[in-house]
Amino acid sequence: MPNAERPPFDERVRWVEQAAQAGNTTQALALARTLLAEAEADAESVAAADPSRLAHALNWLGMFFFRQSFHHEALAAYRPALAIMQRIAPDDAANHAALHNNIGQAEGRLHRHHDAVVHLERALALTPLDPMRYYFESLAAAGMLAAGRHDEAIALCESSLRVNGAHTP
């Protein structure tokens, strides 16, 4: 189908979600990989229509890949999403923090603990007053633990539990 007739990128990302919800993981993965390759190959034209929608769609693709344990592909989606958000909305701390957290989680699953901690610490730095900070703290604590930074992991767990004792990582 020619580009002019193709539905918007974020709409096609919803097709991945629909296939996954219908239990067709193979189809969902194939479509997600096709969309990620399209975004990587032609990022400028994909982003031209609405870069914010593209960033959110890439983040969703990253989360889909992460849930399927395809962490390299998750990072391939998260990183351009973060770059787009930093370019178009440099003061959007909430979205930047979420993307840094997602990158940190994927790096951690790949046992790249130093890289994971860098992104998890950045997420924390961007959320000093965020009502969901306890969530970022609990995830950062797991990253610190994996990186062997036990005292920091304990401090983050304690801080997270003080704010929301019902939430555990």
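Predicted model: local features only at pLDDT ≥ 70, side-chain atom pairs only at ≥ 80, totals over all residues.
Student: Which hand does the crossing of H8 and H9 have, left or right?

Tutor: The two helices pack with their axes 8 Å apart. Their crossing is left-handed.

Student: Of the residues in the contact of H8 with H9, how many are charged?

Tutor: On the H8 side, the contact residues include Tyr134, Glu137 and Met144; on the H9 side, they include His150, Glu152 and Leu156. By class, the contact has nine nonpolar and four polar residues. The charged residues number two.

Student: Which helix supplies the largest share of the lining of the second largest pocket?

Tutor: This pocket holds about 230 Å³ of space. At least two lining residues come from each of H4 (51-67), H6 (93-109) and H8. The largest share is five residues, and the helix that supplies it is H6.

Student: How many residues in the lining of the second largest pocket are nonpolar?

Tutor: Among the lining residues are Met63, Phe66, Arg67, Asn101, Gln105, Arg109 and Leu139. Three residues of the lining are polar and two are charged. The nonpolar residues number seven.

Methods
Residues numbered from 1 in each chain as written. Heavy atoms only, no water. Axes fitted to C-alpha atoms, helices over the stretch in contact; angles between N-to-C directions. Helix = DSSP H or I, 4+ residues; strand = E, 2+ residues; numbered from the N terminus. Left-handed = near helix turned anticlockwise from the far one by under 90°. Contact = heavy atoms within 4.5 Å. Nonpolar A, V, L, I, M, F, W, Y, C, P; charged D, E, K, R; others polar. 1 Å grid on protein atoms, 1.4 Å probe; cavity = no way out; pocket = protein on both sides within 12 Å on 5 of 7 lines; lining within 4 Å. Points joined across faces, edges and corners; volume = space filled by probe spheres on them.
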